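Here's a quick briefing to read with the model open beside you. Take a look at the fold first, then work through the notes below.

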Amino acid sequence: MKAERAGTKPDGRWLGLYVLAYLVFLYLPVLLIPLFSFNDSIQAAFPLQGFTLQWYETLYGNPALSGALVNSLVIGAVAGSGATLCGITVSYTDLYGRSPLAATISAIARLPILIPGVIVGISLLILINLIGLGPSRVAIVLGHILVALPTTVVVMRSRFAAIPRSVREAALDLGASDWTTFRRVMLPLSLPAVLSAFMLAFLISFDEFIVVFFLAGTEPTLPLYIWSQLRFPRSLPTVMALGTVILAVSFIIAGTAEFLRHRGLGAARRNPA
């Protein structure tokens with residue numbers, strides 16, 4: 001036993017070092033953005049020239065930035081709501097519909113996560129041009145619903161699956177219809193997951209760039225605005241300041257969504273009835 005434990009310790013240390021190196025490689029570039037956003041220089045390089053807040057001050061009073069932010073917020077709210085509604089419907093039908101069609105629709109709804117974003121963007125561009133819609137806010141919303149749908153389906157399916165089937169069966173035995181059971185029993189029990197799915201879908205829409213690149217018309221979203229500013233070297237510090245704000249807000253939203261999801265799953269385990 002001692003030999004076995006002695007043999008496993010070096011492997012465990014090497015695995016820990018590998019994970020640490022991977023995390024540093026993955027997140028260190030992200031952490032450099034907030035660092036350079038406070039640097040008193042337009043060059044993102046060491047040594048740092050000093051501490052300043054002027055790049056954050058330039059974010060205010062910028063009409064192009066304000067317009068892009070409003071577009072992202074509106075599109076994110078609408079796309080998040082649509083993706084959540086579709087995710088609820090698809091996941092609930094998949095679990096309780098008991099039909100091959102429901103399972104097929106659920107599988108198709110999760111398929112976009114496996115398709116490269118460029119392919120999705122080109123396909124949607126061709127489609128909206130064929131139907132005469134053209135690049136616009138509506139086209140972006142439809143594209144973002146498609147991109148965010150797999151996440152909402154996964155979140156809602158796991159929540160519905162965590163609710164004991166006896167709860168639904170009891171409601172049906174007491175005379176409630178399928179719609180009443182869903183509206184009065186299953187949906188209230190799944191409310192934390194609904195909020196989590198919406199927040200994640202909103203975050204995906206807010207940060208999405210590739211689909212917007214193909215579908216945006218004359219009103220760009222915030223990621224597209226950031227991309228356009230990267231062509232100007234003097235705008236780099238302002239972009240990093242904006243990226244820091246987006247990073248902080250995204251972290252808060254994602255953390256809150258994960259907290260709500262785990263809270264809902266924990267409540268189902270503690271009180272399954």
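Setting aside neighbours within four places in sequence, Leu65 is in contact with Leu59, Leu222, Tyr225 and Leu242, where contact means heavy atoms within 4.5 Å. This is a predicted model, where local features need pLDDT of at least 70 and side-chain atom pairs count only at pLDDT 80 or more, while totals for chains, interfaces and linings use all residues. Residues are numbered from 1 along each chain as its sequence is written, and side-chain values use heavy atoms, with hydrogens and water left out.

**Around Leu65**
- Leu65 sits in helix α3 (residues 63–96); helices here are DSSP runs of H or I, at least four residues, numbered from the N terminus.
- Leu65 counts as buried because its relative accessibility is 8% (buried is under 20% relative accessible area, exposed over 50%, partly exposed in between, with a 1.4 Å probe and protein chains only).
- Leu65 and Leu242 are 177 residues apart in sequence, yet their C-alpha atoms are 9.7 Å apart in space.

**Where α3 meets α11**
- Helix α11 covers residues 222–229 and packs against α3 at an angle of about 145 degrees, with axes 7 Å apart; axes are lines fitted to C-alpha atoms over the stretch in contact, and angles run from 0 to 180 degrees between N-to-C directions.
- On the α3 side you'll find Ala64, Leu65, Ala68, Leu69 and Ser72, meeting Leu222, Pro223 and Tyr225 of α11.

**Nonpolar cores**
- The largest nonpolar core has 34 residues, and Leu222, Tyr225 and Leu242 are among those with the most contacts inside it; such a core is a set of buried Ala, Val, Leu, Ile, Met, Phe, Trp, Tyr and Cys residues joined through side-chain atoms within 4.5 Å.
- Helix α9 gives this core its largest share, eight residues.
- A second, separate core has 18 residues, including Ala79 and Phe214.

**Salt bridges**
- There are two salt bridges in the structure, each a side-chain nitrogen of Lys or Arg within 4 Å of a carboxyl oxygen of Asp or Glu.
- Arg157 and Asp94 pair up at 2.7 Å, N to O, linking helix α6 to helix α3 across 63 residues.
- In that pair, Asp94 is buried at 14% relative accessible area, whereas Arg157 is partly exposed at 27%.
- Asp178 and Arg168 make the other bridge, at 3.5 Å, N to O.
- Asp178 is in helix α8 and Arg168 in helix α7 (residues 165–173), so this pair ties together parts ten residues apart in sequence.

Notes. Helix = DSSP H or I, 4+ residues; strand = E, 2+ residues; numbered from the N terminus.
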